[in-house]
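Hi everyone, thanks for coming. Please have a look at the structure on the screen, and then I'll walk you through it.

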Amino acid sequence: MASILISGAAGVSIPLVGTLLPLNGGLMRGAKAFAAGVILATGFVHMLSGGSQALSDPCLPELPWKMFPFPEFFAMVAALLTLLADFMITGYYERKQEKMMNQSAESLGTHVSVMSDPSLESGFLRDQEDGGALHIVGMRAHAEHHRHSLSMGAEGFEALAKRSGVSGHGHGHGHGDLGLDSGVRHVVVSQILEMGIVSHSIIIGISLGVSHSPCTIRPPLLALSFHQFFEGFALGGCVAEARLTPRGSAMMAFFFAITTPIGVAVGTAIASSYNSYSVAALVAEGVLDSLSAGILVCMALVDLIAADFLSKKMTVDFRVQVVSYCFLFLGAGMMSALAIWA
């Protein structure tokens, strides 16, 4: 438990510390590509194969488990539902953010119109001495600044909203200020990704906890520690890109780090009564692994690889392409190699 806890915590913390680096720098781009490869290999090589192995076990009845390719079906359903959830959640947060932006714009517009009224200005100036007049001039200058910001279109208002503290999801839920599109996307991706990884981590922990002999625990322990480290690194990269508040990032990192040790503790507690070859255990493991595989494969291909590798920055810079693809294949290859031991 200590080894896996430390490995997972270290893996998820490194990218969060790396938020001090520029997001578009070469090192961060390489780390993001490496993380995408790790997540893709986790879905295909670890989770989907584990689900197929569990749902094809001889201990399961012939009907219905041997009559239909359930692992691949569950993975496909999970991928489609992930796309749907991604679309709906992102749309909800964008509409919420746009509403808050419009409310702020109306408030600023009212402020500008009041300060632009000549009669109000002259009235104030007649009633004020020199100090008051200077105060009115300062307010007029402030109003002119806001009018200029609003005339710059969406980009100008986005910057104004950030300076004014207007935020989307983070305003009500503590996840930090977001951009109009990319910020919302990164938050949704990090949350869905953690959901897929955590479900797999629970299964790993329980399987390790119910093992009675140290001989069956020690060989895969090192591999499982690296497994958690790479998964944590991939998740930490997505959380770092979402630019959450320090508290939000810490909570997501903490939740990932303790999930597998909790699974180990649960497995140890039920080891005397748990039968890993029972129908219920095999079905639960197979279904959860298959669903997690679909989630991770979808997120890796759509929201991580496609989003970065089809971007304009990538297509116009050959050096960035080479480095990113090298890190992508490196991450996928290293995570796949761990399947030999765990």
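**A walk through the chain**

From the N terminus on, the elements run α-α-α-α-α-α-α-α-α-α-α-α-α-α. That is 14 helices and zero strands, where helices (H or I, at least four residues) and strands (E, at least two) are DSSP runs, numbered from the N terminus. Please keep in mind that this is a predicted model, where local features need pLDDT of at least 70 and side-chain atom pairs count only at pLDDT 80 or more, while totals for chains, interfaces and linings use all residues. Residues are numbered from 1 along each chain as its sequence is written, and side-chain values use heavy atoms, with hydrogens and water left out.

Let's begin with the overall numbers. The chain has 342 residues, and 45% of them are buried; buried means under 20% relative accessible area, exposed over 50%, and partly exposed in between, with a 1.4 Å probe and protein chains only. Take the contacts (heavy atoms within 4.5 Å) with a separation of 6 or more: 81% of these join residues 24 or more positions apart.

Now, to the inside. Which residues have the most contacts inside the largest nonpolar core? They are I39 and L193, in a core of 49 residues. By nonpolar core I mean a set of buried Ala, Val, Leu, Ile, Met, Phe, Trp, Tyr and Cys residues joined through side-chain atoms within 4.5 Å. Helix 2 (26-55) and helix 9 (182-209) are among the helices that each supply at least two residues of this core, and helix 2 gives the most, with ten residues. If we leave out residues up to four places away in sequence, I39 touches L193, A234, C238, L296, A300 and L304. Apart from this core lies another one, of eight residues, including W65, F74, L282 and V283.

Next, the record. An unreviewed UniProt entry places the feature "transmembrane region" at several stretches, among them 34-53 and 322-341; UniProt positions are in the numbering used here, feature names are shortened, and annotations may be inferred rather than shown by experiment. In the model, residues 34-53 are 100% helix, with the end C-alpha atoms 27 Å apart. Residues 322-341 are 80% helix, and there the end C-alpha atoms are 30 Å apart.

V45 counts as partly exposed because its relative accessibility is 28%. V45 and A337 are 292 residues apart in sequence, yet 9.2 Å apart in space, C-alpha to C-alpha. Setting aside neighbours within four places in sequence, V45 is in contact with S336 and A339.

R243 has a positive phi of about 55° although it is not a glycine. You'll find R243 in the loop between helix 10 and helix 11, and with a relative accessible area of 36%, R243 is partly exposed.
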